[in-house]
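This report goes through selected parts of one protein model. The sequence and structure come first, and the description follows.

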Amino acid sequence: TEELQPDRIKVALEAMSRFASIMKSMGVVTIHAVATAAVRRAVNSDDFIGAAEVIIGHPITILTQQEEAHYVSRGLTLNLPDATGFVADLGGGSLEVVDLEKGVIRQSTSFNFGHLSSLDADEINAAFDLHPWLAEGFHDRIYGVGGSFRALGLAYIEQSGYPLTVLHGLRIPGRDAKNLLGAFSRETPDFSGVPLGRQKTMPMAALIMRELLARTGCSKIAISGTSIRDGLLADKELRDSEKADFLQAICQEISRTSHRFSDVPRALFELLCPLFTPSPDTADDADGANKLAGNKAKDKQINRAKFDRLLEAACNLSDLCWNEHEDVRGDLGARRVLGLPVNCITHKERIWLATAIYHRYVGRKTNKARPPELGFILSRRRRAQATTIGLGLRFALTFSGGTAHGLDGLRLTNEDGVLTLDVDPSCAALLDNHARRRFQQLAQSANLIANIKEA
């Protein structure tokens, strides 16, 4: 109807009254209030905006279509700076589609329909026909934003038995996505895994998603846990240093509250760096360094950067559960890593980190509780690599008693199939049989010969 309905305006204003009360209790002094497509297109938007501004005591900016596309994309690229593909933000009354190339917007548009609409495939495709760039075939994926895409992700996890329940970063192959979307649209739909509150509108959402997949020719849907809010805050609030890498920011924050002694993550990272050995499988997946065919030096550089990023995070997380019971430290630590509140790592990287922290506490024992997720997704080589890093952390922290001083007296070299441990005389007393055995386990895990040099 191109009008905001009075009963829905009433509900929205009641919700904003609640938010305003909470913000007052919290002492919030900075507010970024924006309205998107529904308000932008409504002929009676003033009926809502005026009352809403009075309630929150702050002006509300009605975003243009270009601004909305920017903030939706910025929310995604804050965590995936080089994202390439179509970003599709499916709301109740609108669908925003953005063409991204290495994080830069090439095209964008807003369609006047969403999961609350009532239209057929012909009407959807007539709207798509007005934007031929959708069918140019440049991209292989759609980054799905919004509750309908998240509901699709939940259904995929439920029906496929996918091992990790973190939605952001979930990749659904195109064939599986089409099968699920078709099941939502049947006369007797299968909504297994779809939240109850979403089931009524999923057939319409599924129709839009299915036609968008067909039009773009994309081979997968990547579920994004980001939204326009992430982009808004990235532009308005975050300093450049905070935009760099949320993984390290979160892990450093955890380190400050968990490590018993200062400077340990730095010393661990410097010690364990030589464990890296370049391999095509070091890349996260087929979308990583392996696609840079014919440029081995660049492949190696990218693989090195990927490894160093995860190693730094593992070093910061290495004392995560020191104050838990020893019988459950590995299980608890791995589960906390699997649930890290970041959107800038892939599911493979999440499991890699969790595997490393698990073995940091458990070593090679097989009789300890273990999250089942660790047995999935990663290749055998990457699982072995994460295990080696965990054993490296275990050896180093046991040797040093968790202090940086003890670690600074060690140096590892990895040459010609031999892992050599140089021990400074000042730390010779720390090298007991227990430490020697753990170093042997580390070298064995890395498929290297152990060699200890004592001055």
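In this predicted model, the buried residues of helix α18 are Ala 435, Arg 438, Phe 439, Leu 442, Ala 443 and Ser 445. Viewed along the axis of α18, these buried residues lie within an arc of 160°, so they line one face of the helix. An α-helix has 3.6 residues a turn, so residues three or four places apart point the same way. Asn 433 and Gln 444 are exposed on the other side of α18. The partners against which the buried residues of α18 pack are α16 (380-400), β9 (410-415), β10 (418-423) and β11 (449-454).

Helix α18 covers residues 433-445, which is 13 residues. From first C-alpha to last, α18 reaches 18 Å, close to the 18 Å expected at 1.5 Å a residue. After α18 comes Asn 447, with a positive phi near 60°.

The model contains 19 salt bridges. Three of them are listed here.

| Salt bridge | N to O distance | Accessibility of each partner |
|---|---|---|
| Arg 106 and Asp 99 | 3.2 Å | Arg 106 37%, Asp 99 1% |
| Arg 266 and Asp 408 | 3.0 Å | Arg 266 29%, Asp 408 46% |
| Asp 327 and Lys 368 | 3.0 Å | Asp 327 40%, Lys 368 23% |

Asp 99 counts as buried because its relative accessibility is 1%, under the cut-off of 20%.

Arg 266 and Asp 408 meet in a salt bridge through their side chains. This pair links distant parts of the chain, with Arg 266 in helix α12 (residues 264-272) and Asp 408 in helix α17 (residues 404-408), 142 residues apart.

Asp 327 forms a salt bridge with Lys 368. Asp 327 sits in the loop between α13 (296-316) and α14 (329-338), and Lys 368 in the loop between α15 (347-362) and α16, so the pair ties together parts 41 residues apart in sequence. Salt bridges with shared partners also join Asp 263, Arg 266, Glu 270 and Asp 408 into one network.

Asn 44 lies in the loop between α2 (37-41) and α3 (45-56) and counts as buried at 14% relative accessibility. Beyond its neighbours within four places in sequence, Asn 44 is in contact with Glu 2, Glu 3, Leu 4 and Ile 9. Arg 256, in helix α11 (residues 246-258), counts as exposed at 62% relative accessibility.

As for confidence, the protein averages a pLDDT of 91, and 94% of the residues score at least 70. Over residues 285-294, pLDDT stays under 50.

Conventions. Residues numbered from 1 in each chain as written. Predicted model: local features only at pLDDT ≥ 70, side-chain atom pairs only at ≥ 80, totals over all residues. Heavy atoms only, no water. pLDDT = per-residue confidence, 0-100. Contact = heavy atoms within 4.5 Å. Helix = DSSP H or I, 4+ residues; strand = E, 2+ residues; numbered from the N terminus. Buried < 20%, exposed > 50% of the residue type's maximum accessible area, 1.4 Å probe, protein only. Expected span 1.5 Å × (residues − 1). Arc of directions from axis to C-beta. Salt bridge = Lys/Arg side-chain N within 4 Å of Asp/Glu carboxyl O.
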